[in-house]
Amino acid sequence: MGYFIRGFITFFILIPGIIGVIRLKKINNSYYPLIFLLWVGIFNECIGKFTSCYFHTNVVNSNIYCLAESLIITYLFNTWKLFNNPKVYYALFILFPVAWAAENFVFGSILRFNSFFTVFYSFITVLESVIFINKLLISEQESLLKNAQFIICLAFLIFFTYNLFIEIWWKYSSGFSNSFNISLHNIFIAINLFINILFSYAILCMRPKSPSSIQ
């Protein structure tokens, strides 16, 4: 997969981001964290391209984005009332920054890619997605194929499961060929494209605000 093709696919995130902005005043407030997450991702991609060109690395902004992503997704699930016990939500909101800071400033450096935190919050996101999908399977009477929450959780489940796999693989794959590792990265890019298609569809399926909440 060529450099320009990878770059084009990476910025496909603009499509759900733009759709989200267009529909922002119509959709339920509980979906706002996802729209915000998409635009944080767009901003991170722009910063990453700039730092890669001028500093030959995007490691710092990537590490910061991981923390932002973990907190925004946790907040999103909280707005969807995933956490029956609010202490779990607050514990995660404290634990993520503590774990991130420990890896980037105590046991490692923010100037290099760190796998532990990525594996940690990816696992938590997968777990949250599975639990929420189970709740939807029990409570929802309508088709889940048009349920925005289900589609978003499915996207999270696919993306972060592969993210877990690839982070662990790269951590212990020193004995494998470079071409094979490139193939894994290309699969990751293809999955990223599919996830953004799912996000676009999910935003189109998002429930509108109730009449009393529309200003």
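In helix H5, Leu92, Leu95, Phe96, Ala99, Trp100 and Glu103 meet Ser115, Phe116, Phe117, Phe120, Tyr121, Ile124 and Glu128 of helix H6. Contact here means heavy atoms within 4.5 Å. By class, this contact has ten nonpolar, one polar and two charged residues. Ala, Val, Leu, Ile, Met, Phe, Trp, Tyr, Cys and Pro count as nonpolar, Asp, Glu, Lys and Arg as charged, and the others, Gly among them, as polar.

This is a predicted model, in which local features need pLDDT of at least 70 and side-chain atom pairs count only at pLDDT 80 or more, while totals for chains, interfaces and linings use all residues. Residues are numbered from 1 along each chain as its sequence is written, and side-chain values use heavy atoms, with hydrogens and water left out.

Stay with H5 and H6. H5 covers residues 86-106 and H6 covers residues 115-139. Helices are DSSP runs (H or I, at least four residues), numbered from the N terminus. The axes of H5 and H6 come within 8 Å and cross at roughly 160°. Axes are lines fitted to C-alpha atoms, for helices over the stretch in contact, and angles run from 0 to 180 degrees between N-to-C directions. H5 and H6 are therefore roughly antiparallel to each other (angles over 145 degrees count as such). H5 passes H6 in a left-handed crossing. That term applies if the near helix is turned anticlockwise from the far one by less than a right angle.

H6 also packs against H7. Their axes are 8 Å apart, at an angle of about 150°. That makes H6 roughly antiparallel to H7. This crossing, too, is left-handed. The contact of H6 with H7 has 16 nonpolar, eight polar and two charged residues.

Ser129 is found in H6. Its relative accessibility is 0%, so Ser129 counts as buried (under 20% relative accessible area, with a 1.4 Å probe and protein chains only). Not counting residues up to four places away in sequence, Ser129 touches Phe77, Cys153, Phe156 and Leu157. Ser129 and Phe160 are 31 residues apart in sequence, and their C-alpha atoms are 9.8 Å apart in space.

Now look inside H7. Asn163 is found in this helix. At 6% relative accessibility, Asn163 counts as buried. Leaving aside neighbours within four places in sequence, Asn163 is in contact with Thr118, Ser122 and Phe188. Gln149 also has its place in H7. At 13% relative accessibility, Gln149 counts as buried. Gln149 touches Tyr31, Trp80, Phe132 and Leu136, not counting residues up to four places away in sequence.

Next comes the core. The largest nonpolar core has 57 residues. Such a core is a set of buried Ala, Val, Leu, Ile, Met, Phe, Trp, Tyr and Cys residues joined through side-chain atoms within 4.5 Å. Phe77, Ile152, Phe156 and Met206 have the most contacts inside this core. The elements giving two or more residues to this core are H3 (32-55), H4 (59-79), H5, H6, H7 (148-171) and H8 (178-205). H7 gives the most, with twelve residues. Ile152 touches Tyr31, Leu34, Leu76, Trp80, Phe199, Ala202 and Met206, not counting residues up to four places away in sequence.

H3 and H4 form another pair. Their axes come within 10 Å and cross at roughly 175°. H3 and H4 are therefore roughly antiparallel to each other. Among the residues in contact are Pro33, Leu34, Phe36 and Leu37 of H3, and Tyr75, Leu76 and Thr79 of H4. By class, the contact of H3 with H4 has twelve nonpolar, seven polar and one charged residues.

Lys81 lies in the loop between H4 and H5. At 63% relative accessibility, Lys81 counts as exposed (over 50% relative accessible area). Most residues other than glycine have a negative phi. Lys81 has a positive phi of about 60° although it is not a glycine.

Finally, turn to helix H2. Gly20 has its place in H2 (residues 14-22). Gly20 is buried, with a relative accessible area of 0%. Leaving aside neighbours within four places in sequence, Gly20 is in contact with Ile35 and Ile203. Gly20 and Leu204 are 184 residues apart along the chain, and their C-alpha atoms are separated by 8.4 Å.

Note on methods: Parallel < 35°, antiparallel > 145°, perpendicular 65-115°, else oblique.
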